[in-house]
Structures are given as C-alpha cells and as structure tokens.
Amino acid sequence: MGRLWMIFGVQEVDDLTLRRFLRARDLDIEKGSTMFLKYLKWRRSFVPNGSISPSEIPNEIAQNKMFLQGFDKKGRPIGVAFGARHFQNKRNPEEFKRFAVYLLDKLCEKMGAGQEKFVVIGDLQGWGYSNSDIRAYLGALSILQDYYPERLGKLFIVHVPYVFMTLWKIVYPFIDNNTKKKIVFVEDKKLKSTLLEDIEESQLPEIYGGQLPLVPIHET
C-alpha cells in the first residue's frame, strides 16, 4: 500500500481505510482518491475536535432512538434504531447531521481489530407520517455513503408499516447499488428466525427474542 500513501498524499489513516474508499469506487484509484480527499476535508471541518460530544446533540439524544449492543456471527457490532422516535418538527438539521456522525463513530469504535463493518436493525413499529423526514433520511444516507464507505454490513428493516413504502420509493433511487444489496426487509412472522441467521440468540436484543437488553448509544 506504500504507493497508495503517495497517491493520497497523507499518512494519518491506515491501509484498511484506504481500501474501503477504493472498493467504494470499484478500485478506481482516481475516483477513490477524490472520494477520500473529500472525506478528509469534510472531517476536519465538520468534526474539528475529532469526535462529536453528547453536549452537541442534546435534542437527538433525548429522543432515545438509537441503541448499541452485541455482535453478529461475523463479529460486527449491532445498532438498533427506532424510526417512530424521530420527529421532523423536533429536530435541528445540523444537529441531526452531528447525531448521524456521532452514532456512526460509536458503531465504528465498537469494532474489534480487523473488523470494518457494522449491522443495524431499523425498527419501524409505530412509524407514521409524523416521522416522515425525507431531508433527514437523505442527509444521513449521504454521510454514510460519502464518508463511511464500506462500513455498513447489513441493514435489517423490521416491523415495516405499509405507509412507509411511499417514502421508500422516494429514498430508494438515492441509495447506491452496493448499499442496496445490504438492505433486508424482514417479515414480521419470520422476524426472529431471520435475525438468528446472522445473530446468535445470546447477542440478539430481548425485544426480538434474544437475551441482551437495549443500551442507549450515549451510554455505551
């Protein structure tokens, strides 16, 4: 990877990080370097202190909508997000972006040596139009795809109400093909059995028939 260090012109990240950006651009060095340099510029500007503090996102944390506990069978940390606890009229756009970075960084911090990916269970039970926030969803998607490439291992979307599919049709075209392959809509009647294919019962949250209690992400 020595040649890549010279191409990117920096020495503050590891080889695995560089490889993720290259894979995200199908190993095209020019496109991968452009993406990586854009990330560096964004990170230095958006997270000047190196991390987001809970004091910077008090309203988002107060909604208690993101949890982090357990690992799947591949050793990937598991996050659980509750869509019905997010309200458009209770958010500040910039604070929500900071919250997205905060939770993504938390998931990455939980990874063991050599692990690069995380898993998320997106729970939409009780989700309705008051939770429909396309701008926020697209903003979080952009942060994930542009600045955390190849980090998402799998996204399970559970308890999906019919009304959600209207919004999904709007968001779907903005999702890149690599990310689309990692999204799984889970039928209610097959919820536990589907999750157990990837997650041991000892690592599965109690609300899905497992053994682990939910832990708010800001308490991890």
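Helix α5 has 17 residues and spans 24 Å from its first C-alpha to its last, close to the 24 Å expected at 1.5 Å a residue. The model described here is predicted. In it, α5 is mostly covered, with 12 of its 17 residues buried.

**Helix α5 and its surroundings**

- The buried residues of α5 are E95, F96, F99, A100, V101, Y102, L103, L104, D105, K106, L107 and C108.
- These buried residues pack against the helices α3, α4 (58-62) and α6, and against the strands β1, β2 (77-82) and β3.
- An α-helix has 3.6 residues a turn, so residues three or four places apart point the same way.

**The largest nonpolar core**

- The largest nonpolar core has 42 residues, and F118 and Y148 touch the most other members.
- Helices that give two or more residues to this core are α2 (15-24), α3, α5 (93-109), α6 and α7 (164-171).
- Strands that do so are β1 (66-71), β3 (118-123) and β4 (152-158).
- In soluble globular proteins, nonpolar side chains tend to be buried together.

**The pair α3 and α6**

- Helix α3 covers residues 29-46 and helix α6 covers residues 134-147; they pack at an angle of about 120 degrees, with their axes 9 Å apart.
- The two helices α3 and α6 are therefore oblique to each other.
- On the α3 side the contact is made by M35, K38, Y39 and W42, and on the α6 side by Q145, D146 and Y147.
- By class, this contact of α3 with α6 has four nonpolar, two charged and one polar residue.
- Helix α6 itself has 14 residues and reaches 20 Å from its first C-alpha to its last, close to the 20 Å expected at 1.5 Å a residue.
- Buried in α6 are A136, G139, L141, I143, L144, Q145 and Y147.

**Buried residues in strands**

- L68 lies in strand β1, and its relative accessible area of 2% makes it buried.
- Not counting residues up to four places away in sequence, L68 touches P77, I78, G79, K106, L107, K110, V215, I217 and T220.
- L68 and I207 are 139 residues apart along the chain, and their C-alpha atoms are separated by 13 Å.
- D123 is part of strand β3 and is buried, with a relative accessible area of 2%.
- Leaving out residues up to four places away in sequence, the contacts of D123 are A81, F82, G83, A84, V158, H159, I207 and Y208.
- Between the C-alpha atoms of D123 and P77 there are 17 Å, and the two residues are 46 residues apart along the chain.

**Buried residues in a loop and in a helix**

- E150 belongs to the loop between α6 and β4. Its relative accessible area is 15%, so E150 is buried.
- Beyond residues up to four places away in sequence, E150 touches R20, R23, A24, E116, K117, N178 and K182.
- The C-alpha atoms of E150 and V163 are separated by 30 Å, and these residues are 13 residues apart along the chain.
- T179 is located in helix α8, which covers residues 177-180. With a relative accessibility of 10%, T179 counts as buried.
- T179 touches Q145 and L152, when residues up to four places away in sequence are not counted.

**Residues with a positive phi**

- Most residues other than glycine have a negative phi.
- D26 is not a glycine, yet it has a positive phi of about 55 degrees. D26 sits in the loop between α2 and α3, and it is exposed, with a relative accessible area of 65%.
- N64 is not a glycine either, and its phi is positive, at about 50 degrees. N64 is found in the loop between α4 and β1, where its relative accessibility of 29% counts as partly exposed.

Technical notes:
Residues numbered from 1 in each chain as written. Predicted model: local features only at pLDDT ≥ 70, side-chain atom pairs only at ≥ 80, totals over all residues. Heavy atoms only, no water. Axes fitted to C-alpha atoms, helices over the stretch in contact; angles between N-to-C directions. Helix = DSSP H or I, 4+ residues; strand = E, 2+ residues; numbered from the N terminus. Parallel < 35°, antiparallel > 145°, perpendicular 65-115°, else oblique. Contact = heavy atoms within 4.5 Å. Nonpolar A, V, L, I, M, F, W, Y, C, P; charged D, E, K, R; others polar. Expected span 1.5 Å × (residues − 1). Buried < 20%, exposed > 50% of the residue type's maximum accessible area, 1.4 Å probe, protein only. Core = buried A, V, L, I, M, F, W, Y, C linked by side-chain atoms within 4.5 Å.
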